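The sequence and structure are shown first.

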Amino acid sequence: TANGQVVYSIAEETERGASVGNIAKDLGIDAATLSARKFRMIAGSSKQYFNINASTGALSVIEPIDREQLCELKSACLLNYELVLENPLELYRIEFKVLDINDNSPSFPLSEYHINVPEFLSPGARFTLPNAQDLDEGTNSVQNYTLSPDERFHLEMQTRGDGSKYPELVLKKALDREQQATHRLILTAKDGGDPPKSGDVPVIVTVLDTNDNAPEFEHSVYRASILENSPSGTLVVRVHATDLDEGPNGEVRYSFSNTTSADLQQMFLIHPHSGEVTVNGVLAVQRPLLEMLIEAKDNGAFGMSSTAKLLVEITDVNNHGPEITITSLSSPIPEDAVPGTVIALLSIMDKDPGENGKVTCQIPDNLPFQLKPSLENYYSLITSGLLDRELISGYNVTITATDLGSPPITTQKTLWVLISDVNDNPPVFSADTFDVFVEENNPLGAFLYQVSASDPDMGENGRVSYMLRNSTVAGSALASLLSVSLANGSIYAKCAFDFEQLKSFFFQVEAKDNGSPPLSAAITVNVYISDQNDNAPAILYPTSQNGSVAVEVVPRLADEDYLVTKVVADDEDSAQNAWLSYHLAHSSDSTLFRLSSHSGELRTTRSMRSTDFLKHKVVVVVRDHGDPPLSSTVTVGILLADTLPQALPDFDDSGDPPPLLNTTNIYLIVSLACVSCIF
């Protein structure tokens, strides 16, 4: 123990529970305070090998240590721990030195070793022997080698440049393979332990022969039969040749002779060691019998060889499907093609002979086509029903060809047959009639409506143009009232409509396609002209002549609610544009007259008085309910008199006071004067 560090030495493989020392005593710590000071021993490795008794401080083994597993080939095997104490905080370092014991025997990497020695080598030839391995260190590792006694071999130790030693096998006497082909020796390695341990390994010395025999086949000619559809890897035949020599001189390798054609060498594969001939790929040949030469050659320095013939008979199978070729195709075909029209000419072939090459053909039953046999191996695809491009614009025709082999092989080919359009559909409007509403006084060229017709045909056959059918409206030609766009069917007004003159009319628009011959359809368009407030009310009564004021005479003693006059007016417009209301715009005496807004009646609001003016002027406004409203005015002169005067007074001024001498007063004065003269 020094400077807070203690080092223990312990032999590997020490059993569990064995005492190592007393950490409290060695470090000078009171063992009774270990628990109170919360001691902890922190291991430097992931595995805990030692334990400290909290009461006594005794250090013991809890897991045996395998030095070779823990430190492998290190010369020094150390385990580091730290002991931590609190109150006060102290840190001690503990180091365990694991000592090696002789617990491993020398061993060789392989279970046996083989050495090949040519029989022509002279004595003194050397052969390196394997080194043994011992996981122990120092004197417990390998120290020396021994060889089992043999009159032809002995063992010598050699030293490398780094000082390491290795064993060598030295030939003492020339070998003769014919006398003894192999020699079995035992190489033993010993360590320096006490007691020592050892390990041995057999060393097999094989005497190599000189190449003086050529391989010989069992048969000079081999025969085999395979199916032409045999998959890759199928065994054709197994050839075999023997060589009396030993070692490489007696090892035989098989291959195809150079005289065998290259295509056959690609179709077949021969295993160089077993002599198995297998199929390699597809047997793409038309010959029923194939001939190949196989060569057997040994592995000697100067290889010797021999050949044998292989005859392979190819048995035909149904391995070719029908081939469908389109020699002629007419697409598209018109939709009005009559049944029996030829669409395509097909060639269907099968390379297999006999029944395997006979073919039947068919197409789906739900198509308006059928296959008709033509020349040998030729078929015609013809129409068998009516076609309608608007329903189906094209057909996928799948042709199925099946041969009569066992099992049969089926081939399919799909044709896309397009149907071309003919002009067999007239334009169609979405409705029988259209209603158009337009306000009167429309501007010239105003857009009224757009009619649209569809044509399911294609191209020019489906391109629709529009025109007006000749007719008259209210005595005028339709063309003077309307125009229609040839391309899109837009209808425009060529004049301004007047509701008061023409309230509604109808006409026909014709839609015609560009086919040959063209097809057409017509539709009736009803035009309803809606009213605008373009007419002011016309006052029918009372009327004025030559710009004079209309005069109404009212008795001098008229009572309240006396009907002075009734204003009568008319409006040529309709609906609310013709709804009239009456209003007093001006009255010389606002307390004397009132006007009914609905009937136009002008009545007195009270009885007449002697103080009332003799002349009154009333301005009546007649207004419609249009937007904006229009109005007319009429001026009515009202004369208060019991009889109609010979001459009507001037109503330009309605505010004159009543005269002092009116007609009645004059009559009274004249009468009084006459009576006075008589008296």
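1. Overall division. The model is predicted. The protein is divided into domain 1 (5-99), domain 2 (113-208), domain 3 (216-315), domain 4 (323-415), domain 5 (428-530) and domain 6 (538-640). Between the centres of domain 2 and domain 6, taken over C-alpha atoms, the separation is 154 Å.

2. An open sheet. Four strands, in the order β16-β23-β22-β19, make up an open sheet with mixed pairing. Its edge strands, β16 (221-227) and β19 (252-256), each pair on one side only. From one strand to the next, the twist averages 30°.

3. The pairing of β22 with β23. Strand β22 (residues 289-298) runs antiparallel to strand β23 (residues 305-315), and nine bridges join the pair. Glu291, for example, has Leu311 in β23 as its bridge partner. In general, strands of a sheet pair through backbone hydrogen bonds.

4. The largest nonpolar core. This core has 29 residues, of which Phe429, Tyr466, Leu482, Phe497, Phe505, Phe507 and Val509 touch the most other members. At least two core residues each are supplied by β33 (433-439), β36 (464-468), α5 (478-481), β39 (482-484), β40 (490-493), β41 (504-513) and β42 (520-530). The largest share, five residues, is that of β42.

5. Surroundings of Val509. Which residues does Val509 contact, leaving aside its neighbours within four places in sequence? They are Phe429, Val451, Tyr466, Met467, Leu468, Ile491, Ala521, Ala522, Ile523 and Val525.

How values were computed:
Residues numbered from 1 in each chain as written. Predicted model: local features only at pLDDT ≥ 70, side-chain atom pairs only at ≥ 80, totals over all residues. Heavy atoms only, no water. Domains from an automatic or database assignment. Pairing = 2+ DSSP bridges. Axes fitted to C-alpha atoms, helices over the stretch in contact; angles between N-to-C directions. Core = buried A, V, L, I, M, F, W, Y, C linked by side-chain atoms within 4.5 Å. Buried < 20%, exposed > 50% of the residue type's maximum accessible area, 1.4 Å probe, protein only. Contact = heavy atoms within 4.5 Å.
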